Amino acid sequence: MEEQEIVNRVANSILQVFDLEDYYPEGERVSVDISQWLWEGFVLREKDFRESLKNHDWQQYTDKYVALYCSTDAIVPAWAYMLVTVYLQPYAKYTLQGTVEELNTQLYSGILNKIDYAEFTGKPVIIKGCSKKPVPQQAYALAVQKLMPVAKSLMFGEACSSVPLYKKKI
């Protein structure tokens, strides 16, 4: 029996893979709970709050992405988060009020808005599904919005088992 050469049809196809993991912004993510600076975790006493911030070690956030939140049901005025951001600004790469997931979504939004999608024009594109890095679900929705105007078709998953999402009408 004659041996047939194994051909990787996926590698030879015009299918373009869009892997959000390739755009993952490297750097440590940390959450900072501002309730630590509130009286009994619930009451913001401005003088004490300012003093606590002044005495906090802000250098520990150098080159980190910071998500600010409050773990208690305290009513925190907007300026309190702004003041914490003022202290973080010289050190942190980026600061956001919210969760780490919201932080990652914001980072991806900025990155996806800067990409030139011309290389995907008129081509079938698969948005890679599996990720070892914490790619937020919203990043996939953002990627679809950016790719739809240019791609011939969109799929999600892996080349061997993908889910069709969109096909441009001719």
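Modeller: The questions below concern a predicted model.

Biologist: Is strand S2 largely enclosed or open, judging by how many of its residues are buried?
Modeller: Buried here means under 20% relative accessible area. Of the five residues of S2, four are buried, so the strand counts as largely enclosed by the rest of the structure.

Biologist: Which residue of S3 is the bridge partner of Val30?
Modeller: S2 pairs with strand S3 (residues 65-69) in the parallel sense, over five bridges. Within S3, the partner of Val30 is Val66.

Biologist: What is the handedness of the β-α-β crossover from S2 to S3?
Modeller: The two strands pair in the parallel sense. Between them the chain passes through H2, and the crossover is right-handed.

Biologist: Which strands are the edges of the four-stranded open sheet?
Modeller: The order in this sheet is S1-S5-S6-S7, and the pairing is mixed. Two of these strands pair on one side only, and they are S1 (16-18) and S7 (161-167).

Biologist: Which residue of S5 stands opposite Phe18?
Modeller: S1 and strand S5 (residues 124-128) pair in the parallel sense over three bridges. The residue of S5 opposite Phe18 is Ile127.

How values were computed. Residues are numbered from 1 along each chain as its sequence is written. This is a predicted model: local features need pLDDT of at least 70, side-chain atom pairs count only at pLDDT 80 or more; totals for chains, interfaces and linings use all residues. Side-chain values use heavy atoms; hydrogens and water are left out. Buried means under 20% relative accessible area, exposed over 50%, partly exposed in between (1.4 Å probe, protein chains only). Two strands pair if DSSP finds at least two bridges between them. A crossover is right-handed if, with the strands pointing away from the viewer, the path from the first strand over the helix to the second runs clockwise.
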